[in-house]
Amino acid sequence: PKVLLTGSTGFIGAAVLAELIAKDYTVVAAIRSASKAEYIKAQHPDAVASGKLTFVIVLDITAPGAFDEAVKGAEYVVHVASPFVLNVSDNEKDLLVPAREGTLGVLRSIQKNAKDTVKQVVITASFASVFDGPVYILKGDRIYDESVWCKNTWEEAVKKDASYAYATSKLVAEQAAWDFQKAENAKFAITVLNPPFVFGPMYQQVTASTVNTSNQIIQGFNKTPENPDPEHSFIEVDVRDLAYAHVAALGNPKAENQRIIVSPGYFSYSSLIEIIKKYQAEGEAYAKGPDDSDELLKRERAIGGANLAKVKEVFPDLKFHSYKDTVVDTLRQLKELEAAA
Ligand code: NDP
C-alpha cells in the first residue's frame, strides 16, 4: 500500500520512514528541501532502487493546496511534520500557524484529490494536547488518559513563552483535524498518536549541534548532570516504539478514530541523570549489564499520574524498549556525535 509521509527529515519521521520501509510499504516522502533527500536516499538505497521510496517537495506546508499533488493515489497518510523548536521569534507564525495549517492542508488536499483512496490519516500529535498542568511534572493527584484535553488557548499562546506556544500548537492542530473530519463528513479514519517526551537513537541527518529538541534534554544532562528539579516526574517513549505504533496503526480497526497516548511509562530528570552518571563512569559495562529500569523508576511509578492502558490494548504486540536501553542507546550515539564534532 502507498503511504504519504511528512516529516521524514526529522527525528520521529525518520524512524517512521525506516519502519514503513521495513514493513514493505511504498512511501512518498514529502520534504521541504531537496538536499535533505540525498541523506535519506543513501540510508534506503534498496527502497529507492525498487521505486518504493520517492520524494515530493512541498516547500511551504501552509500554502493553499500544498499537498494537492502529493496525496494523489495514497491509501494512507502519516503526518508527522510540525515545528518542534523552542527558539522562535514569533509564536504564531513559527509554531501555531504551521502546526494547524499544515495539518489542515493535508486533510483539505485529501478531500480534494484523494478522498476515494485515502482510508486513514495518522497524525503525530502530542501528550501536550492532553496534559494541562502548568509545568511538565506529573504529581499523581490526577490521572491523565485520552479523555483529557489541554486547556491552553491560541490567544494566550501568542503572548506566553515558546514552550506554552508549542504545546498549544499541538492542541490546535489536533482539534482542527477532528473538527475537519466531522465538518466534512470525511470518509477517512483518523488516528492521533499522543506521545510524551520521545527519546532514542536518531535516524535523521544529525550532528552534535543539531540534535532534535527532545534528545537535547539527554544531551544537556550529559554535559551538566545537575538536576534543576528533583520533583520532576513525567512519561516518555522510545522513538523506535513510537515509529512501530505509527505503522501498526495503519489498517488497524482498533486505532481508527482514536487518540492514543504512546508510552510505556515514567521517567524523570533524576533517573536520567543516574543513568548518565553510570554510563559516564562504566561505559559499555553498564550498558550491557542488567536492566535497572525498575529500580531507577520506583519513585516515579509510585507517583503515577498517567493511565497508559489504551496503547497496550490497541497495539498488543508492541514490546517497548526498557527505559535504560532507550537512554543508553541515545547516550552511545551522542558520544559518537560529540567525538565527530
Ligand atoms: P524534529 O524537529 O526532529 O522534526 C520536525 C519535522 O517536521 C522535520 O521533518 C521538519 O522538516 C518538519 N517541519 C517542521 N516545521 C515545518 C514547517 N514549518 N514546514 C514543513 N515541515 C516542517 O522533531 P520531532 O521529530 O521530534 O517531531 C516530529 C513531530 O512529533 C512533531 O509533530 C512534534 O510536535 C511531535 N512530537 C515530538 C515529541 C518529541 O519529544 N520529540 C513529543 C511529542 C510530539 P525540516 O527537516 O525541513 O525542518
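Biologist: Which residues of α1 and α8 meet each other in this predicted model?

Modeller: From α1 the residues are Phe 11, Ile 12, Ala 15, Val 16, Ala 18, Glu 19 and Leu 20, and in α8 they meet Val 239, Arg 240, Leu 242, Ala 243, Tyr 244, His 246 and Val 247. Sorted by class, this contact of α1 with α8 has 11 nonpolar, one polar and two charged residues.

Biologist: What makes α8 largely enclosed by the rest of the structure?

Modeller: Helix α8 covers residues 239–248, and it is described as largely enclosed because eight of its 10 residues are buried. A residue is called buried if 20 or more other C-beta atoms lie within 10 Å of its own, and in α8 this holds for Val 239, Asp 241, Leu 242, Ala 243, Tyr 244, Ala 245, His 246 and Val 247. These buried residues pack against α1 and against the strands β4 (76–79), β5 (120–124), β6 (189–193), β7 and β8 (234–238).

Biologist: How do you know that Leu 4 is buried?

Modeller: Leu 4, whose place is in strand β1 (residues 2–6), has 26 other C-beta atoms within 10 Å. Since the cut-off for a buried residue is 20 or more, the count of 26 places Leu 4 among the buried residues. Leaving aside residues up to four places away in sequence, Leu 4 touches Val 28, Ala 30, Ala 70, Val 71, Ala 74 and Val 77. Leu 4 and Val 56, which are 52 residues apart in sequence, are 9.5 Å apart in space, C-alpha to C-alpha.

Biologist: Why is α7 described as oblique to α9?

Modeller: Helix α7 (residues 215–223) and helix α9 (residues 269–282) pack at an angle of about 55 degrees, with 10 Å between their axes. That angle makes α7 oblique to α9. Their crossing is right-handed, and the contact is made by Ile 218, Phe 221 and Asn 222 of α7 together with Leu 272, Ile 273 and Ile 276 of α9. By class, the contact of α7 with α9 has five nonpolar, one polar and no charged residues.

Biologist: Which residues come nearest to the ligand?

Modeller: Of the 23 residues around the ligand, those that come nearest are Thr 9, Gly 10, Phe 11, Ser 82 and Ser 214. Two or more residues of this shell are given by α1 (11–22) and by β7 (197–199), and the largest share, three residues, comes from α1. By class, the shell has 11 nonpolar, 10 polar and two charged residues.

Note on methods: Residues are numbered from 1 along each chain as its sequence is written. This is a predicted model: local features need pLDDT of at least 70, side-chain atom pairs count only at pLDDT 80 or more; totals for chains, interfaces and linings use all residues. Axes are lines fitted to C-alpha atoms, for helices over the stretch in contact, and angles run from 0 to 180 degrees between N-to-C directions. Helices (H or I, at least four residues) and strands (E, at least two) are DSSP runs, numbered from the N terminus. Angles under 35 degrees count as roughly parallel, over 145 as roughly antiparallel, 65 to 115 as roughly perpendicular and the rest as oblique. A crossing is left-handed if the near helix is turned anticlockwise from the far one by less than a right angle, and right-handed if clockwise. Two residues are in contact if their C-beta atoms, placed from the backbone, lie within 7 Å. Ala, Val, Leu, Ile, Met, Phe, Trp, Tyr, Cys and Pro count as nonpolar, Asp, Glu, Lys and Arg as charged, and the others, Gly among them, as polar. A residue is near a molecule or strand if its C-beta atom, placed from the backbone, lies within 6 Å of it. A residue is buried if 20 or more other C-beta atoms lie within 10 Å of its own, exposed if 12 or fewer, and partly exposed in between; C-beta atoms are placed from the backbone.
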